[in-house]
Amino acid sequence: MFVGMKKRVICMWFPRLASDRVLRARPVEAPFALTLKDKNAERLYCLNREAEQAGLHRGMSFADARAYCPDLVSRPARPDLDARFLTALSRWARLYAPWVGVEGADGLVLDITGTPHLFGGEAAMLADMRARAARAGLELRLGLAGTRGAAWALAHYGEGIAAPGDEAEALSPLPVAALRLEPEVSTGLERVGLRRIGDLLATARAPLSRRFGPGLLMRLDQALGRAPEALSPLAEPPHYGLRLTLPEPIGLVADVMAATARLLAPLCERLKANGAGARRLQLTLRRVDQASRQVELRLAGPMREPARILPLFERGIAEVDAGYGIDQIRLEAVTVEPLAVQQIAIGAARQEPERLDDLITRIGTRIGLENIRRFLPADSHIPERAFTLAPAAFSRPEGAWLNPRPRPLSLFPPEPIAGRGNRPPDRFRWRRMMLTTGQATGPERIAPEWWLEDEGWRAGLRDYWKVETREGRRLWLFHTPENPGWFVQGEFA
């Protein structure tokens, strides 16, 4: 009588996931490490094999590592890109099993129950995994057992196969840390002489629970299959794409807009259900002759209101050559971003940020979103560094610019003028104009930022004056006392 199939689990551990990801694109034939800032200190985050052979280890201070290994090549770590790479590896792992989950930041767990025979057995399946990972430039360690805990232990400490029901025998020689215990629990067990999992199996359970807590026995039971442990596969990311096949070809702009509206409404509902908004939409129009034309819409902010998005497509659709007619339309949200739900009162007018985003989008479809910029305040007392230019579509406006002293409306590179002394000259020539000082306010002394290299500030300190001339010009002058000279840098309105 058939009583079921034994559960089999594989743990895939990539011990150098972060460094392997970087080295696949830009190989380095030298000790290599990724660094990550931790509590105001740069520390080694992930190393290649050459760096470990040189005596370096994870968590080591970067300064100590450079002193110990002068030829160390380093780059900043990107945990966000590592997570995306691990997600891509999970899609590759579905070649072996339909259920694939993430195990920590550098591992995957697979439920391969019923699939090893498709690859010639369990050993052949593991060999195929290793060969494919090696060709991709990835170091991979594997563990196969009947439980998730045992597979993890074998991948991290033993790298082998545990036969069904023989988890206790396979885990006995492994250290207690293989049970995924907290570091302090593992240290406490080693101090009392319990260094191997086999030592725990030979010890009474009650004293272990009283001294080290119930978590120790729970991990032990999970590894041996006495307690259940869930294996949750990664959920498929939502797909924001819809297609409409037309019974008769269409070519009028009004007809294409109507068909786009039919696709846009359910697409926005799907975005709303997932708490997201579209930043880039792509409309593909397939003609009768099988040629396709695309209309791309890049939005200034995440949107999911059909009434706001649909009019923005009109200009792009009007420029499409429909040929003998369009028989299929596909709409896809290529780029999406999280968009929180907002409370809107009944009958309330559209908010100003939404109106501004719509205006930026309309202008951006003509000249490009990157060409629409806004000024943002920067944390610097140097006049020319007190602001930055950022694309308006990918930044939010700041609050009021707090500056206790007025700044000129027009700021330009310093232009020298003739003058002596530490007060503005009574008469001076600027841009072929002879000007007379009427009123001078100042000085405001600004020191250079010594930690930054700037050719314009090599003259040292600057004493700024606001000068109102009798001819009507309101200028911003400065004097360099360390290297005497007078300059004009700005003009007030």
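Two strands count as paired if DSSP finds at least two bridges between them. Strands (E, at least two residues) and helices (H or I, at least four) are DSSP runs, numbered from the N terminus.

Before you click, know that this is a predicted model, in which local features need pLDDT of at least 70, side-chain atom pairs count only at pLDDT 80 or more, and totals for chains, interfaces and linings use all residues. Residues are numbered from 1 along each chain as its sequence is written, and side-chain values use heavy atoms, leaving out hydrogens and water.

**Stop one: the sheet.** Select L242 and you'll find L331 of β11 standing opposite. Now show all of β8 and β11 (residues 326–338): they run antiparallel, joined by six bridges. Widen the view to the open, antiparallel sheet of four strands, ordered β8-β11-β9-β10. At its edges sit β8 (241–250) and β10 (292–303), each pairing on one side only.

**Stop two: G364.** Jump to helix α15 (residues 352–367), where G364 is found. Leaving aside residues up to four places away in sequence, G364 touches L369 and I372 (heavy atoms within 4.5 Å).

**Stop three: two helices.** Select α1 (residues 17–25) and α4 (residues 79–93), which pack at about 85° with axes 10 Å apart. The axes are lines fitted to C-alpha atoms over the stretch in contact, with angles from 0 to 180 degrees between N-to-C directions. So α1 is roughly perpendicular to α4 (65 to 115 degrees).

Key: Angles under 35 degrees count as roughly parallel, over 145 as roughly antiparallel, 65 to 115 as roughly perpendicular and the rest as oblique.
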